[in-house]
Amino acid sequence: MTMSYEQALASLRQTDPTAPEPAVLGALSAPENRHLLEYVVEDPFGAHVFPGNEPDYSPEAFLADLDAQLAGSAPIHLWSYIPTCAYRCRFCQYPVVLVKGSPEVTDAKASQWVDWNIREAELWLEQVPSLASAPVGEFNVFGGTPSLLPKHAIRRLLEFYRENFGFGPETTIRFEGDPSTFTPDKLELLAELGCTKLSSGVQSFDDPVLRQSGREHSAEMCVEFIRNAHRTGFEWISIDLMYGLLDQTVDSVRRDLDIVLAEQPTAVVCTKLHLKSYTDTRTGVAGVQPAAWQLPDYRDRLVRDGHRWPPLGEQYQMREVLTEGLRAGGYTEHPTMYFARDGLGPEKWKSIMVDQHRQEAEVAIGLGGSSSCRASEAITDVHWKRYSEAVEAGRIPLGSATGFSAAAQEARAIKMALSTLQPLDDELHRRRFPGSSLLAEPWRSQFGSLAERGLLRVDEQAGRVELTPDGEVLVEAVINTELDAVPALSP
C-alpha cells in the first residue's frame with residue numbers, strides 16, 4: 001500500500017532512541033521537499049538506468065548509435081548477465097531464472113544460459129562492427145548467480161569473451177556470486193582465468209534477517225567467503241549490504257559494520273530495500289514477476305504474524321551507521337553508496353559510465369541487460385522464452401529502445417555526474433555541450449532552487465556545482481524527481 005504524505009512523515013519521525021536522529025530528517029521533513037520524501041518511501045535501488053525521452057526509437061537505430069560511438073571510444077563497460085539462481089530472494093525483482101534439481105540437471109540448465117549468452121554476444125559482434133575492437137575497461141559477469149555455473153561453463157564463458165572482445169592489459173574482469181557458491185575451487189579457477197575482482201550479495205551478517213529475506217546462506221558463510229577470497233589473492237573483494245530489511249534493527253546494522261571493518265573487504269555497496277517497481281521508475285530493470293515483498297497482502301500478513309518493517313526514520317539511521325562508520329573506517333564513497341577502501345576507488349565499471357569526464361558506452365549481453373550510448377539506450381528482453389527464441393532465430397533480443405533528444409542528453413549527463421558525488425565542472429560541461437553552461441539557464445534556476453533548500457552549492461567563480469551532505473543522501477531522489485523534466489534547452 002502506498003503511504004500518504006502524512007504517513008510518510010510519521011514513518012520518517014519514528015527513530016531508534018539509541019541512535020542519533022538522522023541528519024537528513026530536517027531536509028526530508030521540510031514542506032518544500034515533499035516530493036523527495038514521497039520518492040524515498042519506496043526508494044528503488046540506485047540509478048542504474050537513465051532512460052531516454054524518445055520511446056518510439058527502434059533497436060536498429062540504437063545499434064547504429066552505439067556503433068558510431070564505439071568507432072572512436074575510450075574504454076567501455078562490458079557485461080555478461082547470467083540470470084541463473086538457486087532460489088529467489090523475497091526482495092528481488094530482477095529477471096532471474098531458477099535452476100534446481102540434481103547436479104546433472106542444474107549443470108545442464110546453467111550451461112544452456114552460457115550457450116545463449118555466447119550466441120547473443122556473437123550477434124552483437126556481427127551487427128555492431130566497432131564492438132570487437134572497442135577497448136574494454138572492465139568486464140563484469142553479473143547475475144543472477146553466475147557462480148552457480150559449473151567450472152567448465154565458467155571457463156568457456158570467460159575464454160570466449162577474452163578471445164572475441166577488446167581485452168587488453170588494462171582490462172579488469174569481475175565475477176559476481178552468492179557467498180555459498182564461491183567455493184575455494186571456483187575461486188582458484190577464477191583467479192587462473194584472469195579474474196581479479198569479486199562481488200557478492202552478502203546483504204546482512206544477521207542470520208534471522210537473512211532467513212526472513214529468503215537468503216539460503218549464513219553469516220558465517222559470508223565471512224568465510226571474504227577470508228577465502230583474501231587468501232586466494234583477489235585484489236578487489238566487494239560485498240553488498242542492505243538496510244531496511246524485515247526485522248532488521250539499527251543495532252543489527254551496527255554489527256554488520258563491525259564485521260565489515262574486521263574483515264576488510266575492498267568495497268561495500270550499501271542499498272536501501274527497494275519496493276517500488278523498476279517498471280514505474282526506470283531506475284533499474286525488472287523481471288516478469290514482482291518480488292514477494294512487493295505484494296501488499298504478503299507484506300501485511302508478515303506484520304500480522306509479528307514481524308516488523310523498519311520505519312523510514314530507522315532506515316536513515318541505519319544508512320548513517322553504515323556511511324559514517326565506513327568513512328571513519330577508511331572507505332571513500334564514489335558513486336553514491338559505493339564505498340571503496342581509501343585510495344583504491346572509485347568503482348571502475350560505474351566510473352566508466354557516470355563520471356563527468358568519461359560517460360562512455362555500456363554493452364550488456366544477457367537476459368534483461370541495460371545497454372547505452374550517448375544518443376540512446378536499450379533493454380534486452382526480460383522474458384526468458386522470448387529471449388531464447390530471439391537468440392535461436394539469430395536476432396539480438398532487444399525488448400525496447402529509447403532515444404535521447406539533445407536536451408535529454410545534456411540532462412542525463414548532469415544526472416549521471418551528480419550520482420558520483422563529485423563536484424560538477426562547468427568547463428567540462430561546456431566542452432561537451434557547446435553553448436551551454438551549468439551557470440546559465442535552465443540550470444541556474446534548478447540549481448538555485450536546490451541551493452536555497454540546502455541540497456547543493458554553486459561556486460560561480462570556480463565554475464563548480466557541488467552537493468551538500470543532505471544533497472548527497474538524497475541525490476537519487478533529486479535526479480529522479482527534479483531533473484527529469486528539463487525546460488527546453490538550446491539545440
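Select Glu 333 and Arg 327: a polar contact of 2.5 Å joins their side chains (a polar contact is a pair of N or O atoms within 3.5 Å; within protein, one must be able to donate a hydrogen and the other to accept it, and residues adjacent in sequence count only if both atoms are side-chain atoms). The model is predicted, so local features need pLDDT of at least 70 and side-chain atom pairs count only at pLDDT 80 or more, while totals for chains, interfaces and linings use all residues. Residues are numbered from 1 along each chain as its sequence is written, and side-chain values use heavy atoms, with hydrogens and water left out.

**Around Glu 333**

Stay on Glu 333, which is found in strand E9 (residues 331–333). Helices (H or I, at least four residues) and strands (E, at least two) are DSSP runs, numbered from the N terminus. With a relative accessible area of 8%, Glu 333 is buried; buried means under 20% relative accessible area, exposed over 50%, and partly exposed in between (1.4 Å probe, protein chains only). Show the residues that Glu 333 touches, not counting those up to four places away in sequence: Arg 319, Arg 327, Tyr 338, Phe 339, Leu 421 and Gln 422. Contact here means heavy atoms within 4.5 Å.

Next select Met 337, whose backbone nitrogen lies 2.8 Å from a polar atom of the Glu 333 side chain. Met 337 is found in the loop between E9 and strand E10 (338–341) and, at 6% relative accessibility, counts as buried. Met 337 has a positive phi of about 70° although it is not a glycine. Most residues other than glycine have a negative phi, and most peptide bonds are trans.

**Other backbone features**

Gln 264 also is not a glycine and has a positive phi, of about 55°. Gln 264 lies in the loop between helix H10 (250–263) and strand E8 (267–272), and counts as partly exposed at 24% relative accessibility.

For the cis peptide bonds, go to Gly 143 and Gly 144, joined by one with omega of about 20°. Gly 144 is in the loop between E4 and helix H6 (151–164). Then select Glu 441 and Pro 442: the peptide bond between them is cis, with omega near 5°. Pro 442 is placed in the loop between helix H17 (426–432) and helix H18 (443–452).

**Strands**

Select strand E4 (residues 136–143): 8 of its 8 residues are buried, so E4 is largely enclosed by the rest of the structure. Two strands pair if DSSP finds at least two bridges between them. Strand E1 (residues 76–82) pairs with E4 in the parallel sense over 7 bridges, and Tyr 81 has Phe 142 in E4 as its bridge partner. E4 also pairs in the parallel sense with strand E5 (residues 172–177), over 4 bridges; there, Phe 139 has Ile 173 in E5 as its bridge partner.

Move to strand E16 (residues 456–459) and strand E17 (residues 464–467), which pair in the antiparallel sense over 4 bridges. Arg 457 stands opposite Glu 466 in E17. E16 and E17 form a hairpin with 4 residues between them, and Gly 463 in the turn has a positive phi of about 65°.

**Aromatic rings**

How many aromatic pairs does the structure hold? There are 15. Rings of Phe, Tyr and Trp (its six-membered ring) pair if their centres lie within 6.5 Å; planes under 30 degrees apart count as stacked, over 60 as edge-to-face and the rest as tilted. Select Trp 113 and Trp 116, an edge-to-face pair at 4.8 Å centre to centre with 80° between the planes. Because they are 3 residues apart in helix H5 (residues 103–127), Trp 113 and Trp 116 are separated by about one helical turn. Trp 113 and Trp 116 are buried.

Then select Trp 79, Tyr 81, Phe 142, Tyr 338 and Trp 349, which ring pairs link into a cluster.

Two rings have a charge over them: Lys 197 lies over the face of Trp 236, at 4.7 Å from the ring centre, and the charged end of Arg 299 sits over the ring of Trp 309, 4.5 Å from its centre. The criterion is NZ of Lys or CZ of Arg within 6 Å of the ring centre and within 35 degrees of the ring normal.

**Nonpolar cores**

Finish with Trp 124, Tyr 161, Phe 165, Leu 198 and Phe 205, which touch the most other members of the largest nonpolar core, a set of 73 residues. Such a core consists of buried Ala, Val, Leu, Ile, Met, Phe, Trp, Tyr and Cys residues joined through side-chain atoms within 4.5 Å. Another core, of 68 residues, lies apart from the largest one and includes Leu 273, Leu 312, Ala 411 and Leu 467.
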